[in-house]
Amino acid sequence: MYRYAVIYNPHSGHNNGESVGQKIEQALIKNQHKVELMPTEGPKDATRLAKKAARAGFDVVVAVGGDGTINEVVSGLATLDQPPYLGIVPAGTVNNLARMLQIPLDIDQAIENLQQVHLRPLDVGQVNDDYLISTMTLGILADAALNVTQSEKQKWGPLAFLSKGIHALAEHQHYPLTIETPDRHWQKDTQFLLVTLTNSVGGFTNFNPEAQPDDGYFHVFVAPKMSLARSVMFLPYFLTGNFKKIPGMTYFKANEISITVDNQQSAQTRIDGDPSAKSPLKMRLLEHKLQVITPNPDL
């Protein structure tokens, strides 16, 4: 018997967070587990609730929602020396981390997965005072995502981000960046920077087949300047997992990164879909920081 704290955003995805939370509660109680539902009331509330659940001694903290909700829960757990296990019931629009971990997107199957307690280590990125579970963007992709409405995400899913991103590439805005790692110095103008911990970006799971959620690295992509026509030509690279083979694309791996914008301006990032830290950025990889419940590949 485990003690589960279930943290959910009532307005996540298609506004079905409340019903999903109740369904999880019923299924876990039926199997003799103890459950406490913890609905969020506003931004960053899931971080507070995750810390509260850990202090109360829960065995598993379940994040119900999309990558943003999971990020908030992880932000509460990543500060702890011995955090509870992380459970995920994907109820968002894109669900990058769940896709990467092969957690079922079907709610009933995801609830069943929670009760198997097959654990896998999970890396967590720290970006200044924020945390990263899937992707961070800086530049026009981050700027374009600001124009994607909740209704567009619900209607079009990953295609909403892809469409906005392609059109943003045609605007030719660029950012003079300096990137430092323990073994690399990179300085150049770029249209966007993408850092990922998974092979799923914008819901496209073939984006970077090399990336694994427990490999101990940030996977960094720095894009050249691209016109709209050129960016459309490169779309197949994105969809087939060859993004790093785009001519002019810089790709590397690192576990520590410093990023500054050289024109003295501060650039806004988006982390796991939400506006987050501004440059300059100090990033470090917290290897195997959490244990997450995933499907058992041997079953």
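This is a predicted model: local features need pLDDT of at least 70, side-chain atom pairs count only at pLDDT 80 or more; totals for chains, interfaces and linings use all residues.
In which hand does α2 pass α3 in their crossing?

**View 1. Helices α2 and α3 pack against each other at an angle of about 40°.** Helix α2 covers residues 45–55, and helix α3 covers residues 67–77. Their axes lie 7 Å apart. The crossing in which α2 passes α3 is right-handed. On the α2 side, the contact is made by Asp45, Ala46, Thr47, Ala50 and Lys51. On the α3 side, Thr69, Glu72, Val73, Ser75, Gly76 and Leu77 take part.

**View 2. Helices α1 and α5 form another packed pair, at an angle of about 45°.** The pair consists of α1, residues 17–30, and α5, residues 107–114. A distance of 10 Å separates their axes. The angle makes α1 oblique to α5, and the crossing of these two helices is right-handed. Helix α1 contributes Val20, Lys23, Ile24 and Ala27 to the contact, while α5 contributes Ile107, Asp108, Ile111 and Leu114.

**View 3. Six strands form an open sheet with antiparallel pairing.** The order of the strands is β12-β11-β10-β7-β14-β15. Strands β12 (250–254) and β15 (274–278) are the edge strands, each of which pairs on one side only. From one strand to the next, the twist averages 25°. Within this sheet, strand β10, residues 192–196, runs antiparallel to strand β11, residues 218–222. Four bridges join β10 to β11. Leu194 has Phe221 of β11 as its bridge partner.

**View 4. Thr198 is placed in the loop between β10 and β11.** Is this residue, Thr198, buried or exposed? Its relative accessible area is 0%, so Thr198 is buried, the cut-off for a buried residue being under 20%. When neighbours within four places in sequence are left aside, Thr198 is in contact with Leu97, Met100, Ile133, Ser134 and Ala211.

**View 5. Gln126 belongs to strand β5, which covers residues 119–127.** Gln126 has a relative accessible area of 13% and is therefore buried. A polar atom of the Gln126 side chain lies 3.3 Å from the backbone oxygen of Asn128. Which residues does Gln126 touch, not counting those up to four places away in sequence? They are Tyr131, Phe218, Lys282, Met283, Arg284 and Leu286. Of these, Met283 is 157 residues from Gln126 in sequence, yet the C-alpha atoms of Gln126 and Met283 are 5.5 Å apart in space.

View 6. The chain has 10 helices and 16 strands. Among contacts with a separation of 6 or more, 75% are between residues 24 or more positions apart.

Notes:
Residues are numbered from 1 along each chain as its sequence is written. Side-chain values use heavy atoms; hydrogens and water are left out. Two strands pair if DSSP finds at least two bridges between them. Axes are lines fitted to C-alpha atoms, for helices over the stretch in contact, and angles run from 0 to 180 degrees between N-to-C directions. Buried means under 20% relative accessible area, exposed over 50%, partly exposed in between (1.4 Å probe, protein chains only). Contact means heavy atoms within 4.5 Å. A polar contact is a pair of N or O atoms within 3.5 Å; within protein, one must be able to donate a hydrogen and the other to accept it, and residues adjacent in sequence count only if both atoms are side-chain atoms. A crossing is left-handed if the near helix is turned anticlockwise from the far one by less than a right angle, and right-handed if clockwise. Angles under 35 degrees count as roughly parallel, over 145 as roughly antiparallel, 65 to 115 as roughly perpendicular and the rest as oblique.
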